[in-house]
Amino acid sequence: MAFQKAVKGTLLVGGGALASVLGLSQFAHYRRKQVNLAYVEAAECVSEPVNKEPPSREAQLLALQNVSEFDILVIGGGATGCGCALDAVTRGLKTALVERDDFSSGTSSRSTKLIHGGVRYLQKAIMKLDIEQYRMVKEALHERANLLEIAPHLSAPLPIMLPIYKWWQLPYYWVGIKLYDLVAGSNCLKSSYVLSKSRALEHFPMLQKDKLVGAIVYYDGQHNDARMNLAIALTAARYGAATANYMEVVSLLKKTDPHTGKERVSGARCKDVLTGQEFDVRAKCVINATGPFTDTVRKMDDKNATAICQPSAGVHIVMPGYYSPESMGLLDPATSDGRVIFFLPWQKMTIAGTTDTPTDVTHHPIPSEEDINFILNEVRNYLSCDVEVRRGDVLAAWSGIRPLVTDPKSADTQSISRNHVVDISESGLITIAGGKWTTYRSMAEDTINAAIKAHNLKAGPSRTVGLFLQGGRDWSPTLYIRLVQDYGLESEVAQHLATTYGDKAFEVAKMASVTGKRWPIVGVRLVSEFPYIEAEVKYGIKEYACTAVDMISRRTRLAFLNVQAAEEALPRIVELMGRELNWDDYKKEEELETARKFLYYEMGYKSRSEQLTDRSEISLLPSDIDRYKKRFHKFDADQKGFITIVDVQRVLESINVQMDENTLHEILNEVDLNKNGQVELNEFLQLMSAIQKGRVSGSRLAILMKTAEENLDRRVPIPVDRSCGGF
């Protein structure tokens, strides 16, 4: 093993003496901090991680600056980029990876959360006798099995129902699904089966009953995509790769090949986005794994390079968990415009999506109201009329940019490649593009194989099949019980920690704060309705979280589950991060503002808040208007035409309900459309109209006022003549 050597008292890093690179004083400083900067030497395979824990970001930046030359430099910290880094470093190559944002900040965290072979691709392969599509499905099914094995805490099989509404479709789809099982072979998760109408409704009671013939159930995998991506990055770091987020590639470095006289890519000029510091990272081979930004890096290499990426936006929405069974998804194989819609349980919520529309490449994709309503309409087609599908039940929405690509080496350059493409430019830049989440590992293997061949690198075969990712090795389905018994965590919190961090959950539990209650003993929640705890913020910093957005969207998944809950947790998250990272008040305010903007635009808060504005119409029957006016005037006793916190407090006290002033302020602020500190009658009627139309749901003020009215009505004094008293 050459991953760490002590030769004559000197720690060697990547074959060079770290002490001589840093100077004795710096070397002593980092030895005192026990920073382990270990990198493997070329041509040696690594069977065990070099580091027990991933080195700090500070240590990783130091390595990027001071290692004279890496074998591989990967640009892009999505699933494919991190997969390339892990594949390379476990073959014994000195490996570096840089990402301009956070790991998984792009498409890799905005997927449908499925690990699947692609039922629709198999259908096309059979109908068109397309061998390429068939191979892609077979490869994806193999990778699905591998991913479920190497990260069992982050992934699991999921039964998906295909409802049948025409008799002729039953044998047609049954044959197709059985072929899906057959192609999977030994990697088949569980055999598919047919359900009668009654059994289908038993499993999926909210399903549309009319004309339902039956259903077919098949199995695919599901995962926590951002956490999976992070696990790949952390595993690569533990095996010795120098990985750093918030490192932007400003330009590519080139040098002249003495044998051919041609310019060759030899590294990249990188900029630390957080500090502004710039430095060169040199490497024998540079890999472009930037997803939708593929062409940006290609044009850094050659400004005349032909664009190969054709970006497509896929929007997903999140709805309350009661919209779907806890452990079964739904597939709509033919929507009104020919797309496929999945309707899946995830993290005790329900995900619906996706769309597929051409888009421009941007770092900040925004879900459109049109796409959100398209998904809602498709959901309505499959759910019972007893279930009112409301726009107000959309708790979060996001758009991910899928990097569809054309093969620059293909004769037909206009044709979209269904599989991934590995391209090598004249100057040696290797680009990996296209593909899908499920096949990230095989994409990485193909890419590193191409890099080894093109750049004459000395390395062994890929070792990532069966290689456990961070947290997976010692995980078991009953691990959460030990967390409950050993640390006094709530069962829900313990299960969450076990399925998020795997065998690393104990490290998070050790950081958990005492609640001061009889039970749970430790584990203070960030928000009451989700199992995320404050200790995860501290641990998230060890996982390279640098901003509040990192924490609410990728270390925890709050932003993807409920934007309002994420906003509610933000102040405490920023306070905890500020304490750990020594943020001043200005930095804290900046983080709050950036995170709120992220929630507002990228996670659907904007389109949600636009369902109720000061321009919203009031579409109520006269009888409804009279009823709501009476309710309003129970609070506006002075007939002012508006209510304030004082009015609400007065009514609540009369029915013996206590509520702190800050909470009341938040409740009124949700409906105070003109932000003047009070709720006018017109604003209240706008709210009730929006609720009736389904555009708004879960309004705390509406529920509070209705409950208070009912309590007040029950307490009306009985007249004297009905109480047998007086004359």
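1. Residues 659–694 are 61% helix and 6% strand, with the end C-alpha atoms 28 Å apart. This is a predicted model, and the percentages should be read with that in mind. The stretch is one of two, the other being 623–658, that an unreviewed UniProt entry annotates as "domain: EF-hand". For residues 623–658 the figures are 64% helix and 6% strand, and the end C-alpha atoms lie 32 Å apart.

2. Helix α22 (residues 622–635) holds both Arg-627 and Asp-624, which sit 3 residues apart, about one turn of the helix. Their side chains form a salt bridge, with an N to O distance of 2.8 Å. Asp-624 counts as buried because its relative accessibility is 12%, under the 20% cut-off. Arg-627, at 38%, is partly exposed.

3. How many salt bridges does the structure hold? The count is 38. Side chains of opposite charge can pair when their charged atoms come close.

4. One of these salt bridges joins Asp-301 to Lys-254, with the closest N and O atoms 3.0 Å apart. The two residues come from distant parts of the chain: Asp-301 belongs to helix α10 (residues 294–301) and Lys-254 to strand β11 (residues 247–256), a separation of 47 residues. Asp-301 is buried, at 10% relative accessible area, whereas Lys-254 is partly exposed at 30%.

5. Glu-490 and Arg-525 also form a salt bridge, and here too the closest N and O atoms are 3.0 Å apart. Glu-490 is in the loop between α13 (479–487) and α14 (491–501), while Arg-525 is in the loop between α15 (505–511) and α16 (535–542), so the pair ties together parts 35 residues apart in sequence.

6. Tyr-172 lies in helix α7 (residues 169–184). With a relative accessible area of 35%, Tyr-172 is partly exposed.

Definitions and conventions. Residues are numbered from 1 along each chain as its sequence is written. This is a predicted model: local features need pLDDT of at least 70, side-chain atom pairs count only at pLDDT 80 or more; totals for chains, interfaces and linings use all residues. Side-chain values use heavy atoms; hydrogens and water are left out. UniProt positions are given in the numbering used here, feature names are shortened, and annotations may be inferred rather than shown by experiment. Helices (H or I, at least four residues) and strands (E, at least two) are DSSP runs, numbered from the N terminus. Buried means under 20% relative accessible area, exposed over 50%, partly exposed in between (1.4 Å probe, protein chains only). A salt bridge is a side-chain nitrogen of Lys or Arg within 4 Å of a carboxyl oxygen of Asp or Glu.
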